[in-house]
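Please brief me on this structure, starting with how its strands pair.

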Amino acid sequence: TELSVTMVLVLVIGDMHIPHRAPEIAAEFKKLLQPGKIQHVISTGNLCSKDVFDFLKSVCADVHAVRGDFDEMADLPEEKVVTIGNFKFGVTHGHQVVPWGDAESLMMLQRRMNADVVVTGHTHQLETKAIDGKFFINPGSATGAFSGYNSSPVPSFVLVDVQAEKLVVFVYELKDGAVKVNKMVHAREQ
């Protein structure tokens with residue numbers, strides 16, 4: 001007989017820059033982010049307003065957010081390690097990773113945080129990749145806000161289905177008014 005498996009969905013999202021660089025999260029994304037479907041939210045920061053934090057809290061009460069370089073909410077930590085299922089997620093905004101998005105610098109961060117999954121933002125460039133058995137997620141900018149690194153990013157976020165020994169990763173991008181979804185699987189290193 002087949003065991004019934006409860007999905008543990010983690011929304012990985014950040015770099016909204018509302019209201020300074022973008023008015024709001026696109027309606028096409030908001031309708032996907034309904035309360036009751038997602039168990040955890042990990043935010044890379046630069047929400048830039050309490051309203052955005054409150055929106056994330058409305059999607060899911062369990063919000064793990066770090067402070068970005070433009071966040072005014074002083075009570076957010078610089079970094080955080082969160083255990084979800086059998087995986088440790090290390091989260092930081094990413095402006096501390098120099099050069100930004102650099103694989104070697106991300107590996108140093110991963111070792112320091114002792115994380116299975118490292119989540120960073122800041123570049124506004126969506127990226128999901130495995131390096132030496134560890135997994136790295138940059139959800140990009142949920143609003144497509146510009147950055148010094150990327151002048152016209154595609155709005156994006158990531159949804160992770162945390163299973164016992166693997167992550168099923170769904171990447172959402174808003175291109176030409178339509179949501180495109182790509183899926184990848186990251187198996188835990190044995």
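E4 and E5 pair in the antiparallel sense, over six bridges. Here helices (H or I, at least four residues) and strands (E, at least two) are DSSP runs numbered from the N terminus, and two strands pair if DSSP finds at least two bridges between them. This is a predicted model, in which local features need pLDDT of at least 70, side-chain atom pairs count only at pLDDT 80 or more, and totals for chains, interfaces and linings use all residues. Residues are numbered from 1 along each chain as its sequence is written, and side-chain values use heavy atoms, with hydrogens and water left out.

- Val81 stands opposite Gly90 in E5.
- Two residues separate E4 from E5 in a hairpin. Gly85, in the turn, has a positive phi of about 60°.
- The sheet is open and has five strands, ordered E4-E5-E6-E8-E7, with mixed pairing.
- E4 (79-84) and E7 are the edge strands, each with a single partner, so one side of each has no neighbour in the sheet.
- On average, neighbouring strands of this sheet are turned by 20° against each other, direction ignored. Axes are lines fitted to C-alpha atoms, for helices over the stretch in contact, and angles run from 0 to 180 degrees between N-to-C directions.
- Helix H3 (residues 103-113) lies across E4, E5 (87-92), E6 (117-119), E7 and E8. H3 runs at about 65° to E4.

- E7 and E8 run antiparallel and are joined by five bridges.
- Ile131 has Lys134 in E8 as its bridge partner. Ala130 stands opposite Phe135 in E8.
- The hairpin of E7 and E8 has two residues between the strands. Asp132 in this turn has a positive phi of about 50°.
- Lys129 is found in E7. The side chains of Lys129 and Glu127 are joined by a polar contact of 3.4 Å. A polar contact is a pair of N or O atoms within 3.5 Å; within protein, one must be able to donate a hydrogen and the other to accept it, and residues adjacent in sequence count only if both atoms are side-chain atoms.
- Leaving out residues up to four places away in sequence, Lys129 touches Gly101, Ala103, Leu106, Lys134, Phe135 and Phe136. Contact means heavy atoms within 4.5 Å.

**The largest pocket**

- The largest pocket holds about 170 Å³ of space. Its lining has 17 residues, and the closest to the pocket centre are Gly101, Leu106, Thr120, Glu127 and Asn138.
- On a 1 Å grid over the protein atoms alone, a cavity is a set of points where a 1.4 Å probe fits but cannot get out, and a pocket is an open set with protein on both sides within 12 Å along at least five of seven lines; lining residues have an atom within 4 Å of a point. Grid points are joined across faces, edges and corners, and a volume is the space filled by probe spheres set on the points.
- E7 (127-131) and E8 (134-138) each supply at least two lining residues. E8 gives the most, with three.
- The lining divides into seven nonpolar, eight polar and two charged residues. Ala, Val, Leu, Ile, Met, Phe, Trp, Tyr, Cys and Pro count as nonpolar, Asp, Glu, Lys and Arg as charged, and the others, Gly among them, as polar.

**The six-stranded sheet**

- This open sheet of six strands has the order E3-E2-E1-E9-E10-E11, and its pairing is mixed.
- E3 (63-65) and E11 (178-187) stand at the edges with a single partner each, so one side of each is left without a neighbour in the sheet.
- E9 (residues 156-162) and E10 (residues 166-175) pair antiparallel over seven bridges. Ser156 stands opposite Glu173 in E10.
- Helix H2 (residues 50-59) packs on the sheet and touches E1 (9-13), E2 (40-43) and E3. The direction of H2 makes about 145° with that of E3.

**Backbone points in loops**

- Most residues other than glycine have a negative phi, and most peptide bonds are trans.
- Ile18 and Pro19 are joined by a cis peptide bond, with omega about 5°. Pro19 is found in the loop between E1 and helix H1 (27-30).
- Asn46 has a positive phi, near 55°. Asn46 is placed in the loop between E2 and H2.
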